[in-house]
Amino acid sequence: MLISYRWLMDYLKENVPVKELVNALRNLGLYATIQKEIGKNWNEILIGEIKDINKHSKYDHLLVCNVDVRDKNLSIVTGAKNINIGDKVPVALPNTQILGVTLEKRDFGGIISEGMLCSEYELEFSDDKEGIMILPQDFKVGSKFSEYFGDGDYLIEIDVPSNRGDCLSYIGIAREVSGYFGIPLNFEYKKPKDSTYSIKEFADCEVWDYELCPRFTLKFIKGVKIGPSPLWLRWKIERVGLRSINNVVDVTNYIMLETGQPLHAYDFDLIKGGKLIVRRAKQGEKIVLINGEEKELDENVLVIADVERVVGIGGIMGGKETEINENTENVLLEAANFMSVNIRRSARKLGLRTDASLRFERGVDIYRTAEILDYAAEMIRLVAEGEISKDKIDLNQGLPPLPKIFLRPQRVNKILGTELKEHEITEILSKIEFKVISHNPILEIEIPSHRQDIKEEIDLIEEIARFYGYNNIASLPLQKGMVVDSPLVEEIVERKIRELLSDIGLYETINFSFMSCEDLKNSGVLDTSPFNNYINIQNPLSLENSVLRTSLLPSLLKVAQINNNRQNKDVFLFEIGKVFYKNTSDYIEEKHLAILLSGEWYTNTWNIPYEIRKVDFYDLKGIIEILFEKIWGTKPDFLNSTYSFLHPLRQSKISLNGEIVGYLGEVNPWITQEMDLRERVYFAEINLDKLNFVKEKTKYKPIPIYPGIKRDLALLVPEDMQVVNLENVIRKVSGNLLKNLSVIDVYKGEKIEEGYKSVTFSMFFVSEDYTLTDNEVDDIIKNILLNLSEIGVYLRQK
């Protein structure tokens, strides 16, 4: 929120230096910064009166003015066309700084200009660059501009927290500053000068939905004169970014900025039937707003209507058909209170975010509605004349009682680490308008109507801390010997996983658990259980965040797609995150690890340059094997799988101790083609919750002192047989003498019988007690071949 420092000081009985003000607001949690200093030269600008105007003898577009500044008359050349004899204008003399430039006497075709007539823009008064600033006639000639507008001003930007709707107003901010410095407020609502007629002689109103509009008030003003706003009013609202429209509309904006209560003024003569109805819109109903946009409404949007059509969207924006215009004579003035949640939803749905909707979204004081309405009516009378109805329409179903909260002084000191006495606590709260009802010994505190953010005792304690001063609360050193809980085993394991995969060359990514059903569909997982048992979110922020993910695959595919669209085709990612799905009777939440590889893999070999090749299934499988060996000290088994979202010939389940803990494979090409991914994508997902996180402590084991024997064994294997079956047989027969077993070659093609494949194993045998002989190893190999022959596997002969 942008505020004027000078305007804010109007509400305090003592001025606060601007830097102290900014510091105080920051200490109170309202982060403030000085955006701009304006009017530093106002004490050098004089008020002058134009005595004579003549055309320049050489330049038709210039005028030569004779200007009286009391002590002397000045000859000033100007190109402005909006001036007349007798106008009071601001005059800058030579050596005055105007927008950073020092003014000097200038020669215009033989005529010396002894100063400058200033526009509002040149005085930093507003953004109006058209013409000279015309001042009121009661301004005294020769006096300084600063006598009427102060010694300049500061524009201050304040970040107002979302729960502090009361601070979206000058009075709300002044109330905070008053409590901080102990300076009394300098404000009271003006009472209207009523006439003898009743509003019921002209207008009527009905509220059909009190849930969405708990209070609706109206005041009638007849015989107004629409015109430009007085200078003081324009000065205040334009200074903080609002555009001056006319005197009546400007008053409604002024009151909104001052009090935080939005208002709306209708041209009563344009309201059909002289009656307003507060209701939900009809499906498909349309309205043209005052900004010229046409909006189609639905039944969830609250509207203000007359007997024939919608004339405004409640709490957001009025309609063009009943807006105040130059022909308006009778004004129907509205001040209301609307349900904040509905205003927020409607504003977002319609794409309308206004100053009014912002305030209603954050909460407007329902108790002050009628009082502010009367005040606004009187302000309109002062600037636009007219007669105010003696009464008002005030529709509500009864105002809720002011909330009361019990506060324990000992609890305050325990939470804050202070030693405040009860009277000190009550004094702090009284400064900010909290009423202490009783002391028994617990304090009963009545919450002021404007503080809708105060709900519990802890909120009151926070208020005491803010106004007592965080800097006044003593800092205590950390006590020695404090027990800090050690991290969970799962946290340690996840940290090790992150370190290992990062060392390998993978990048961690973090994604939302929310996604759209379309994301799940695009990844292909909806054809497979349990990935298709997704959970819908009851109240999603958008369709893109309407379901909880059942797999990490959709998230990582979208990351790969974003990288691919930005010409980064080499993607090596991992993510540790949660997935969610439902079964017949319960909701399941699991922690998963996912790895995605795509593009070219850089292998650091002994020769230079590095070998560059495409990643493949075995790169991913190797990472999984390293992961299990380093983290859990074991090796997984890889079993056949039939996931439809993976390539039918390049996929596998990951098994540990007979339980399926994950899967890996190449993402089905039809999926990657639909997502316009031009490289093959390899993906693995592991259920961390199913793994045994408790690993035995590493035991010391000396390096064998006896030499080992290495043998390679090329086998002829049925094409559909899994290699893991062969490994199980070899390990079982070899016993403890086999220290390492790995596949070094798989071959199908020429010289291999149809229906078979060649698998070559490398085996390393060693004994910890003696030196193995070739004969012993030969016997083991023979025994291996004998056992393999029983499952149809033979030694390859050629």
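Strand β15 (residues 263-267) and strand β22 (residues 330-337) run antiparallel and are joined by 5 bridges. The model is predicted.

- Tyrosine 266 of β15 stands opposite leucine 332 in β22.
- β15 is mostly covered, with 5 of its 5 residues buried.
- Leu263, Ala265 and Asp267 point one way from β15, while His264 and Tyr266 point the other way; all are buried.

- Strand β14 (residues 215-222) runs antiparallel to β24, and 4 bridges join the two.
- Within this pair, threonine 217 stands opposite aspartate 394 of β24.

**The sheet of 3 strands**

- The strand order in this open sheet is β1-β12-β2, and the pairing is antiparallel.
- β2 and strand β12 (residues 153-159) run antiparallel and are joined by 7 bridges.
- The bridge partner of tyrosine 31 is aspartate 159 in β12.
- Helix α2 (residues 18-27) packs on the sheet and touches β2 and β12; the direction of α2 makes about 155 degrees with that of β2.
- Helix α5 (residues 231-239) lies across β1, β2 and β12, and runs at about 45 degrees to β12.

**The sheet of 5 strands**

- Here the order is β13-β16-β19-β20-β21, in an open sheet with mixed pairing.
- Its edge strands, β13 (204-207) and β21 (317-318), each pair on one side only.
- Strand β20 (residues 310-313) runs antiparallel to β21 and is joined to it by 2 bridges.
- Glycine 312 has glycine 318 of β21 as its bridge partner.

**Nonpolar cores**

- The largest nonpolar core has 56 residues, and the members that touch the most others are Leu21, Ile156, Ile158, Ile173, Tyr254 and Ile255.
- Helix α9 (residues 369-384) supplies the largest share of this core, 9 residues.
- A second, separate core has 39 residues, including Phe216, Phe268, Leu350 and Phe360.
- Leaving aside residues up to four places away in sequence, tyrosine 254 touches Trp7, Tyr11, Trp232, Leu233, Lys236, Ile237, Tyr375 and Met379.

**Helix packing**

- Helix α6 (residues 247-259) and α9 have axes that come within 9 Å and cross at roughly 140 degrees.
- At that angle, α6 and α9 are therefore oblique to each other, since over 145 degrees would count as roughly antiparallel.
- The crossing of α6 and α9 is right-handed.
- On the α6 side the contact involves Asn247, Val248, Val251, Tyr254, Ile255, Glu258 and Thr259; these meet Ile372, Tyr375, Ala376, Met379, Ile380, Val383 and Ala384 in α9.
- Helix α10 (residues 409-416) packs against helix α12 (residues 457-468) at an angle of about 65 degrees, and their axes are 10 Å apart.
- The crossing of α10 and α12 is also right-handed.
- Arg411, Val412, Ile415 and Leu416 of α10 make this contact with Glu457, Ile458, Ile461, Ile464 and Ala465 of α12.

**Backbone features in loops**

- Most residues other than glycine have a negative phi, and most peptide bonds are trans.
- Asparagine 95 has a positive phi, near 80 degrees, and is placed in the loop between β6 (88-92) and β7 (97-98).
- Asparagine 95 counts as exposed because its relative accessibility is 63%, and the cut-off for exposed is over 50%.
- Glutamate 433 has a positive phi as well, near 70 degrees, and lies in the loop between α11 (422-431) and β26 (435-439).
- With 34% relative accessibility, glutamate 433 counts as partly exposed.
- Serine 529 and proline 530 are joined by a cis peptide bond, with omega about 5 degrees.
- Proline 530 is placed in the loop between α14 (517-523) and β30 (535-536).

Notes:
Residues are numbered from 1 along each chain as its sequence is written. This is a predicted model: local features need pLDDT of at least 70, side-chain atom pairs count only at pLDDT 80 or more; totals for chains, interfaces and linings use all residues. Side-chain values use heavy atoms; hydrogens and water are left out. Two strands pair if DSSP finds at least two bridges between them. A nonpolar core is a set of buried Ala, Val, Leu, Ile, Met, Phe, Trp, Tyr and Cys residues joined through side-chain atoms within 4.5 Å. Buried means under 20% relative accessible area, exposed over 50%, partly exposed in between (1.4 Å probe, protein chains only). Contact means heavy atoms within 4.5 Å. Axes are lines fitted to C-alpha atoms, for helices over the stretch in contact, and angles run from 0 to 180 degrees between N-to-C directions. Angles under 35 degrees count as roughly parallel, over 145 as roughly antiparallel, 65 to 115 as roughly perpendicular and the rest as oblique. A crossing is left-handed if the near helix is turned anticlockwise from the far one by less than a right angle, and right-handed if clockwise.
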